Amino acid sequence: MSEIIKGMIAPVKLAYTMNAGRASSRFLRGLYAHKILGQRCTVCHKVNVPPRGVCPTCGVPTEDDVQLSETGTVTTFCVINIQFDAKARELPYACASIILDGADSTLFHLVQEAAVDQIRMGMRVRAVWGPTPLYSLESISHFRPTGEPDAPFESYKEHL
Amino acid sequence: MRDVAVVSFAQTPFVRHTNSNDAELVMEVVTAALDRAHLPRHDIGFCVSGSSDFLTGVPFSFVAALDAVGAWPPIRESHVEMDGAWALYEAWVRLQHGDIDTALIYSFGRSSLGDLQDILVQQLDPYYLAPLQPDPIGLAGIQANALLDSGRFRERDFAEVVARSRSHSQSNPNAQLRKPVQASALLDAPYLAPPLRKHDCSPISDGAAAIVLATGDRARQLSKRPAWITGIDHRIETHSLGARDLTRSPSTERAGKEAGATKSALDVAELHAPYSPQELILKEALGLDDKVSINPSGGALGANALMVAGLVRIGEAAQRILDGSANRTLGHATSGPCLQQNLVCVMESRS
């Protein structure tokens with residue numbers, strides 16, 4: 001026999017203890033308490049969310065926590081037509097990049113309570129908190145349209 | 001060749017568990033290293049880091065750590081999935097290109113988040129060795145046994161390495177294990193992986209380190225007493241442990257020769273030996289005599305943040321020149337099981 005071996009089983013399992021660090025821990029505790037916290041940079045004065053304890057643009061530490069509005073604007077979005085997450089969702093659904101009022105960086109989240117063909121750039125949305133507080137962005141169930149007029153493109157064009 | 005020097009070095013205190021995330025750790029050392037050289041962030045010519053995603057279990061974790069550098073406007077950046085000592089080697093090569101004159105090197109490692117005994121198995125040959133799950137302490141124990149069998153050293157020699165390291169780490173505020181110990185008392189401790197005892201093994205540490213390199217006149221501007229790199233080389237041995245003489249380190253020997261380690265007298269050698277017997281092997285491979293001060297920082301037996309401890313050895317060796325307490329020093333870094341891969345960096349002051 002000179003059959004070439006083309007595969008072998010080599011199971012690997014590695015377990016980790018997560019440690020979010022100081023800034024992210026404050027952000028996650030905030031979500032648990034239904035607050036969205038960002039951090040303001042002392043150099044460029046921009047508010048980053050989620051905060052990581054540093055300003056990624058200026059490379060300086062950020063300690064100045066800012067509570068952000070629960071409302072924001074969809075800067076861009078995509079409609080998902082296939083199941084790929086472990087959590088099955090009703091198809092199709094939309095995921096959007098959202099700039100919260102008062103923030104200078106965008107968050108990604110689901111936009112629901114709207115038909116996917118109605119979701120658009122500039123749409124105004126509000127966070128809907130889930131039934132169970134979590135140390136996770138999933139503490140927010142999704143964002144829903146507020147019904148306000150769309151934000152002008154000029155107001156979010158730098159966040160695309 | 002362009003003349004390249006270490007102009008500043010910074011490290012965090014090393015601890016069993018840090019409360020910081022990677023970006024927060026990196027921020028601390030990058031800020032300190034740049035401040036010491038009075039170098040503004042936007043003046044960095046090249047930035048390169050060393051770390052491993054296997055430690056945090058997060059893919060592309062070095063990208064998040066880059067937040068601490070401020071990558072806007074876009075910067076020249078690179079990363080090695082290795083100890084920061086190899087990032088420093090890349091920076092040294094990059095500086096030879098001639099178009100830039102400064103480089104920032106940093107590395108970070110949180111060894112506390114996973115189980116190193118499992119994680120380090122993943123660096124072994126995946127076909128014949130990794131499936132057997134030999135843990136790193138077990139492999140170091142095999143190496144230590146071979147060293148005893150060679151007749152060159154006794155367990156007492158291992159204990160003396162530990163006692164000397166601890167007496168040094170006592171005065172290093174960044175070291176994790178700082179309690180002095182007596183060699184004779186150590187021999188009464190129980191075995192962990194015979195002939196290794198717990199104190200023969202480096203601790204599990206979290207922390208980060210950063211170094212700034214500069215060329216020629218720029219180095220003289222940024223530091224009163226730059227640590228000029230007169231030789232740097234790294235060599236690797238076969239993946240197959242069974243094909244190696246584990247009691248010798250030919251890769252260290254070769255790297256040391258290429259880097260000119262023993263061309264003239266060394267004041268200090270910082271050797272990255274995560275297990276006490278390895279320091280004896282390295283000392284022989286580099287031909288170091290008893291006049292050389294070995295690991296005045298306490299070495300890896302005082303703190304061993306994975307991916308960081310090698311860069312710290314170079315930083316500690318450079319620091320002796322920067323602060324005027326030595327004229328010629330050597331920093332060594334190792335990677336892989338049983339000293340598989342080794343890097344030697346020789347530095348000198350110049351009047």
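**Reading chain B of a predicted model**

Q: What does Pro203(B) touch, leaving aside its neighbours within four places in sequence?
A: Pro203(B) is in contact with Gln176(B), Leu177(B), Ala303(B) and Asn304(B). The model is a predicted one.

Q: Why is Pro203(B) called buried?
A: Buried calls for 20 or more other C-beta atoms within 10 Å. Pro203(B) has 20 C-beta neighbours inside 10 Å, so it counts as buried.

Q: Where does Pro203(B) lie in chain B?
A: Pro203(B) sits in a loop of chain B, between strand E6 (196-197) and strand E7 (206-215).

Q: What makes H10(B) oblique to H11(B)?
A: In chain B, the axes of helix H10 (residues 250-258) and helix H11 (residues 276-286) cross at roughly 40° and come within 8 Å. Angles under 35 degrees would count as roughly parallel, and 65 to 115 as roughly perpendicular. The crossing is therefore oblique. Its hand is right-handed.

Q: Which residues of H10(B) and H11(B) meet?
A: From H10(B) come Thr252(B), Glu253(B) and Gly256(B); from H11(B) come Leu282(B), Ala285(B) and Leu286(B). By class, this contact has three nonpolar, two polar and one charged residues.

Q: How is chain B divided into domains?
A: Domain 1 is 4-115 + 204-227, and domain 2 is 120-201 + 230-348. Their C-alpha centres lie 23 Å apart.

Q: How many residues of domain 1 of chain B are in contact with domain 2 of chain B?
A: 34 residues of domain 1 are in contact with 27 residues of domain 2. On the domain 1 side, H4(B) gives the largest share, six residues. That side divides into 19 nonpolar, 11 polar and four charged residues.

How values were computed. Residues are numbered from 1 along each chain as its sequence is written. Chains are lettered from A and ligands numbered from 1 in the order in which they are written. This is a predicted model: local features need pLDDT of at least 70, side-chain atom pairs count only at pLDDT 80 or more; totals for chains, interfaces and linings use all residues. Helices (H or I, at least four residues) and strands (E, at least two) are DSSP runs, numbered from the N terminus. A residue is buried if 20 or more other C-beta atoms lie within 10 Å of its own, exposed if 12 or fewer, and partly exposed in between; C-beta atoms are placed from the backbone. Two residues are in contact if their C-beta atoms, placed from the backbone, lie within 7 Å. Axes are lines fitted to C-alpha atoms, for helices over the stretch in contact, and angles run from 0 to 180 degrees between N-to-C directions. Angles under 35 degrees count as roughly parallel, over 145 as roughly antiparallel, 65 to 115 as roughly perpendicular and the rest as oblique. A crossing is left-handed if the near helix is turned anticlockwise from the far one by less than a right angle, and right-handed if clockwise. Ala, Val, Leu, Ile, Met, Phe, Trp, Tyr, Cys and Pro count as nonpolar, Asp, Glu, Lys and Arg as charged, and the others, Gly among them, as polar. Domain bounds come from an automatic or database domain assignment.
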